[in-house]
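Thanks for passing this one along. Here are some notes to read with the structure open beside you.

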Amino acid sequence: MNKKTLYAVIMIMAVVISVSAQGQTRIAVLPFSSEEKISPAVLTYLTEVFTVEMVNSNNFVVVERSKLDAALKEMKFQRGELFDEGSAVELGKMSGAEMVFFGTIFRFGNKNVISVKGMDIKTATLKYAKQANGDTDIKLEAAIKTIAAQITKDEHGVAAGSEEDAYDEDYRP
């Protein structure tokens, strides 16, 4: 092994150790989906809100979007298509994530319900399953922030923000 190759290997190991030492989990966030008449713009927005909340917690490193898009393209998934546990594990392996999150929005009565699941890629098991609901877009946004805060707290013992600010009694999960 020449010096340049050895140096590159050492640098890569240093980055991996640095991320692990900081206690950050490498995650992929799949585009949220819905079988209901939820606009693609709302689905994209809620996916982005969840991603931002997870990143801002400083407990997660999100897989680069280009890697995720390449894996999605290779698996031939279309935006808004439903993900299952098997496809999430496959996508996680392809993208280098330790955990993959995917969400679904569905209608129950007069409320929209957000269901977010987190798959542990190593064990291929469902580690998180959280739900929250809201009857307006604003309440859906607050609900997704609540879910992100709960997952962060469960994973690392520290919430991304104040859960009390994220929702009120009307749509407490």
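Leaving aside its neighbours within four places in sequence, which residues is Val55 in contact with? I take that up in the opening point; please keep in mind throughout that this is a predicted model.

1. Val55 and its surroundings. The answer is Phe60 and Val62, once the neighbours of Val55 within four places in sequence are set aside. Val55 itself belongs to helix H2, which covers residues 40-56. Its relative accessibility is 36%, so Val55 counts as partly exposed.

2. The chain as a whole. Stepping back, the chain has six helices and six strands. Read from the N terminus, the order of elements is α-β-β-α-β-α-α-β-β-β-α-α. Among the 173 residues, 42% count as buried. Of the contacts with a separation of 6 or more, 57% are between residues 24 or more positions apart. The accessible surface is about 9600 Å², and carbon and sulfur atoms contribute 55% of that area.

3. Strands S4 and S5. Do have a look at this pairing: S4 (residues 99-108) and S5 run antiparallel and share 10 bridges.

4. Strands S5 and S6. On to the next pairing, where S5 and S6 are antiparallel and joined by nine bridges. Here Asn112 has Gly134 in S6 as its bridge partner. This is a hairpin too, with four residues between the strands, and Ala124 takes a positive phi near 55 degrees. As for S5 (residues 111-120), eight of its 10 residues are buried, so the strand is largely enclosed by the rest of the structure.

5. How many salt bridges does the structure hold? There are four, and one of them joins the side chains of Asp154 and Lys130, with an N to O distance of 2.7 Å. Asp154 sits in helix H5 (residues 137-156) and Lys130 in strand S6 (residues 125-134), so this pair ties together parts that are 24 residues apart in sequence. Are the two partners buried or partly exposed? Asp154 is partly exposed, at a relative accessible area of 45%, whereas Lys130 is buried, at 17%.

6. The side chains of Glu141 and Lys145 form a salt bridge at 3.8 Å, N to O. Both residues are in helix H5, four residues apart, or about one turn of the helix. Glu141 has 18% relative accessibility and therefore counts as buried, while Lys145 is partly exposed with a relative accessible area of 30%. Another salt bridge links the side chains of Lys139 and Asp135, with an N to O distance of 3.8 Å. In that pair, Asp135 is partly exposed at 37% relative accessibility.

How values were computed: Residues numbered from 1 in each chain as written. Predicted model: local features only at pLDDT ≥ 70, side-chain atom pairs only at ≥ 80, totals over all residues. Heavy atoms only, no water. Helix = DSSP H or I, 4+ residues; strand = E, 2+ residues; numbered from the N terminus. Buried < 20%, exposed > 50% of the residue type's maximum accessible area, 1.4 Å probe, protein only. Contact = heavy atoms within 4.5 Å. Areas by Shrake-Rupley, 256 points an atom, 1.4 Å probe, with all protein chains shown as cover. Pairing = 2+ DSSP bridges.
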